[in-house]
Amino acid sequence: MIRPDIRRPRAARRRYIGALALLALLLSACSGSGPQTALEPASEIANDINNLWLLVFWVATVVFVLVEAALVYAVWKFREREGDDRRPKQSHGNTALEITWTIIPAVLLAVITVPMLQGLFEMREVPTGPDVLHINVTGHQWWWEFEYVDEKAPDGRTLVTANELHIPADRPVYLTMTSADVIHSFWIPKLNGKRDVVPGRISHLNLRSDSMGELAAAGEDRMADGSFLFLGQCAEFCGLAHADMRVRAFVHDSGGYRAWVDSQLAPVEASGSGWDTFTVVCTACHQSTVLQDGEIVTVGPDRFVEVDGVTFRSSLAPNLTHFGGRTSLGSATFENDTEHLTRWIDNPADLKPMDPDRNDIPAGRILGMPDFGLNVGEIADLVALLQSWK
Ligand code: CUA
């Protein structure tokens, strides 16, 4: 026999959980806008995708309402009645009906295909002209590497950064992408549709944000320097830290973009006890371009991968030149502040699920930054050094 005092709380809990689930479902409808919604496009391509989705949504809604109405009507009208056991009229083999319900979906699909193909061709169009900005992108477990192949310092160095993409507003940006390890997917929902990056292959993404005026009118998130911030996310499961393989895009006016490029191409200062630790520990994987005894030097390993005639950077870890100027760390997952940076250097796998024990530097397989067992003083010095690299 089941004792009532045990049964009742269980039933109550089940009801409570059921009610909570319903409430959550209901509330999800009024969550408003999220930073990663594809329903508030901020670029031409994202806008095309959104329009296509709206078309499909309304077509599907009309079909749903009509079909459900017919179903409910039929269930009610032809319900079983007492004393009436006649066999219902059978309609299979009705040629007119079958032709009708074959033609209607075919027409609907044809209607949807037109804007879909238009959008696909537009997305795949290679932008031309002198104002196209070319950026090479390499996806890594679990971060994004960006090389601005058009932006060069006087000594020929290209601009290399990680996880935070800066682009000028309303200018064609052409991303040429590959992966260093497994399949990832580059996705900034307000700016572009998902595009996979695949090891050994090249994929492209055509990115052109709306103008600064349009972004301001749309009320997009704005930084103190006037740029607009867009959040993105790797959209293809790629291992332990897939959910923390994020990306931030900053859209500047042309002056703001130029200023950012110039600041990024300048070397940073190499000095202090933090620098000693940096050269002993960090430069095994990370690169940085510094001014040392009046000379510009890039420390850390230079690694590349060749895919279909295109040379991509395939660094072991993010380039840290101007790290202090970034807003985030850990692939745009944490705010770049003293607390997070200290914890990150102390033991990165504490902040983000990674598997550094399986790193294989010669093979180029890095599954996260290890805990180097640095003491409190060494960590504080490194934090100070990195924060000074604005
Ligand atoms: Cu990279 Cu998921």
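This note goes through the pockets, the sheets, the cysteines and some backbone features of a predicted model.

1. The largest pocket holds about 630 Å³ of space. Of the 39 residues that line this pocket, those closest to its centre are His-286, Ala-317, Pro-318, Trp-344 and Met-369. By class, the lining of the largest pocket is made up of 29 nonpolar, eight polar and two charged residues.

2. As for where that lining comes from, strand E16 (328-329), helix H7 (338-346) and helix H9 (376-388) each supply at least two of the residues that line the largest pocket. Helix H7 gives the most, with three residues in the lining of the largest pocket.

3. The second largest pocket holds about 420 Å³ of space, and its lining by class has two nonpolar, two polar and eight charged residues. Among the residues that line the second largest pocket are Lys-77, Arg-79, Glu-80, Arg-81, Asp-84, Arg-86, Arg-87 and Lys-89, and the lining also includes Phe-78, Pro-88, Gln-90 and Ser-91.

4. Thr-138 stands opposite Thr-178 in E5. In general, strands of a sheet pair through backbone hydrogen bonds, either parallel or antiparallel.

5. An open sheet of three strands has the order E11-E12-E13, again with mixed pairing. Strand E11 (268-269) and strand E13 (295-299) are the edge strands of this sheet, and each of them pairs on one side only. Strand E11 runs parallel to strand E12 (residues 288-292), and two bridges join them; Val-268 has Val-290 in E12 as its bridge partner.

6. On the cysteines, the structure holds zero disulfides. Cys-282 is in no disulfide, and the nearest cysteine sulfur, that of Cys-285, is 9.4 Å away, whereas a disulfide would need the two sulfur atoms to be within 2.5 Å. Cys-282 has a relative accessible area of 15% and is therefore buried, as this term means under 20% relative accessible area. Cys-234 is also buried, with a relative accessible area of 1%.

7. Some backbone values deserve a separate look, because most residues other than glycine have a negative phi, and most peptide bonds are trans. A cis peptide bond joins Gln-141 and Trp-142, with omega at about 0°, and Trp-142 is found in the loop between E1 and strand E2 (143-152).

8. Where do the residues with a positive phi, Asp-293 and Ala-332, lie? Asp-293, with phi near 50°, is found in the loop between E12 and E13, and at 80% relative accessibility Asp-293 counts as exposed. Ala-332, with phi near 60°, has its place in the loop between E16 and strand E17 (334-335), and Ala-332 is buried, with a relative accessible area of 6%.

Notes:
Residues are numbered from 1 along each chain as its sequence is written. This is a predicted model: local features need pLDDT of at least 70, side-chain atom pairs count only at pLDDT 80 or more; totals for chains, interfaces and linings use all residues. Side-chain values use heavy atoms; hydrogens and water are left out. On a 1 Å grid over the protein atoms alone, a cavity is a set of points where a 1.4 Å probe fits but cannot get out, and a pocket is an open set with protein on both sides within 12 Å along at least five of seven lines; lining residues have an atom within 4 Å of a point. Grid points are joined across faces, edges and corners, and a volume is the space filled by probe spheres set on the points. Helices (H or I, at least four residues) and strands (E, at least two) are DSSP runs, numbered from the N terminus. Ala, Val, Leu, Ile, Met, Phe, Trp, Tyr, Cys and Pro count as nonpolar, Asp, Glu, Lys and Arg as charged, and the others, Gly among them, as polar. Two strands pair if DSSP finds at least two bridges between them. Buried means under 20% relative accessible area, exposed over 50%, partly exposed in between (1.4 Å probe, protein chains only).
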